[in-house]
Amino acid sequence: MPELPEVEQVRRGIEPILLGQKVVAVRVLRSDYLEPAGADTRQIVGTCCVKTHRHGKRLFCEFSAGVTVRFHLGMSGRIYAANYGEPLSPHTHFVMQLQSGRELRMSDPRRFGGIALYASFAQGVAAEITGKVGVDALYLKTADLAAWRSFKSSVKMRLLSQREVAGLGNIYVDEALWQAGIHPLTPVCRIAPAQLIVLAAAVKKLLRRSITMGGTTLRDYHNVQRQPGRFAQMLQVYGRAGQPCRRCGSELKGIRVCARATVFCPQCQPRHKGRRS
Ligand SMILES: [Zn+2]
């Protein structure tokens with residue numbers, strides 16, 4: 001499932017294709033892939049994309065008339081570039097034709113993703129970000145962590161929930177907890193403030209490294225040019241249950257947290273490490 005680095009790759013990839021290019025036509029091939037029902041995509045025809053924004057896993061494209069399109073990749077969504085007339089990839093639900101002769105298309109076999117249309121970027125933020133998801137994980141600050149001390153739920157659950165920090169999924173949460181030496185089931189309130197700072201730093205470092213390597217491709221994710229990311233080779237724990245920890249050599253354990261496969265090192269991430277005392 002695409003997480004923050006993969007969506008950021010898509011944002012960076014579409015900018016050179018989309019910015020300043022007049023939209024000639026929009027085709028929605030599956031009407032239920034677009035929100036709200038009956039949204040009129042003709043509003044962006046004849047306008048240009050002036051800015052792209054990303055918050056967590058959401059990608060917004062703001063057009064010159066103010067109308068903003070929000071893309072969410074879900075589990076298997078892909079935004080890819082093609083030339084006019086090039087055959088559609090299977091499960092393509094959306095096509096935006098540009099004056100340059102290029103098209104931006106979105107495919108999504110499993111359809112957990114989607115596209116939404118808003119009258120303005122501010123309206124999109126109000127509907128999807130404000131009060132719903134936390135700070136973008138790439139810009140997490142120490143000050144943002146102060147409120148975390150009251151949370152009794154497990155750190156993995158909290159990071160996945162998007163409520164305090166947006167953009168993390170199963171891969172980067174497991175990796176960041178291993179980097180910070182925190183057991184995934186540790187209640188957030190039991191993590192010492194200094195260790196929370198270590199965790200926040202680990203999150204940002206991981207995300208930045210993954211972005212520079214094009215993100216992580218396990219199965220579905222490809223960038224706009226249809227190339228896979230190269231960060232999968234850097235993963236230390238994700239998908240490695242039963243294999244030796246690369247830090248201490250202990251066997252990595254697999255458990256389920258929030259119904260998600262979770263891998264950690266019992267030695268480097270002991271259950272009570274980080275208890276506030
Ligand atoms: Zn270890």
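So, the zinc site: with angles of 99 to 114 degrees among its four donor atoms, the site of the zinc ion is tetrahedral. Tetrahedral here is a rule for four donors, with all angles between 85 and 135 degrees. For reference, the ideal angle for four tetrahedral donors is 109.5 degrees. Before I go on, this is a predicted model, where local features need pLDDT of at least 70 and side-chain atom pairs count only at pLDDT 80 or more, while totals for chains, interfaces and linings use all residues. Residues are numbered from 1 along each chain as its sequence is written, and side-chain values use heavy atoms, with hydrogens and water left out.

Which residues hold the zinc ion? The SG atoms of Cys-245, Cys-248, Cys-265 and Cys-268 coordinate the zinc ion, at 2.2 to 2.4 Å. A donor is an N, O or S atom within 2.8 Å of the metal (3.2 Å for Na, K and Ca), and water is not among the atoms, so sites may look incomplete. Along the chain, the spacing of the donor residues reads C-x2-C-x16-C-x2-C.

Are these cysteines buried or exposed? Take two of them: Cys-245 is buried, with a relative accessible area of 5%, whereas Cys-248 is partly exposed at 35%. The cut-offs are under 20% relative accessible area for buried, over 50% for exposed, and partly exposed in between, using a 1.4 Å probe and protein chains only.

Next, charges. Side chains of opposite charge can pair when their charged atoms come close. I'm calling something a salt bridge when a side-chain nitrogen of Lys or Arg is within 4 Å of a carboxyl oxygen of Asp or Glu. By that rule the count comes to 14 salt bridges.

Let's start with Arg-12 and Glu-8, where the closest N and O atoms are 2.8 Å apart. Both sit in helix α1 (residues 4–18), four residues apart, about one turn of the helix. Helices and strands are DSSP runs, by the way: H or I with at least four residues for helices, E with at least two for strands, numbered from the N terminus. Arg-12 is partly exposed at 44%, while Glu-8 is buried at 5%.

Now Arg-70 with Glu-35, closest N and O atoms 3.5 Å apart. Arg-70 is in strand β5 (residues 68–72) and Glu-35 in strand β2 (residues 34–35), so this pair ties together parts that are 35 residues apart in sequence.

On to the domains. The domain assignment, which is automatic or from a database, gives domain 1 (4–128) and domain 2 (136–264). Their centres, taken over C-alpha atoms, are 28 Å apart. The contact, meaning heavy atoms within 4.5 Å, takes 26 residues from domain 1 and 24 residues from domain 2. About 1900 Å² is buried between the two, with carbon and sulfur atoms giving 55% of that. Buried area is the accessible area (1.4 Å probe) that two parts lose on being put together, summed over both. How many salt bridges are there between domain 1 and domain 2? Two.

Have a look at Val-133 as well, in the loop between α2 (121–128) and β10 (135–136). Val-133 is buried, at 16%. Among the residues that Val-133 touches are His-55, Glu-128 and Gln-162. Val-133 and Gly-56 are 77 residues apart in sequence, yet 8.3 Å apart in space, C-alpha to C-alpha.

Last one: helix α4 (residues 170–180). It is mostly covered, with 10 of its 11 residues buried. Tyr-172, Leu-177 and Trp-178 are among them. What does the covering? That includes α1, α3 (155–160), α5 (193–212) and β13 (260–264). After α4 comes Gly-181, with a positive phi, near 70 degrees.

Definitions and conventions. Tetrahedral: all angles 85-135°; square planar, octahedral: opposite > 155°, others 65-115°. Lists of a residue's contacts leave out its neighbours within four places in sequence.
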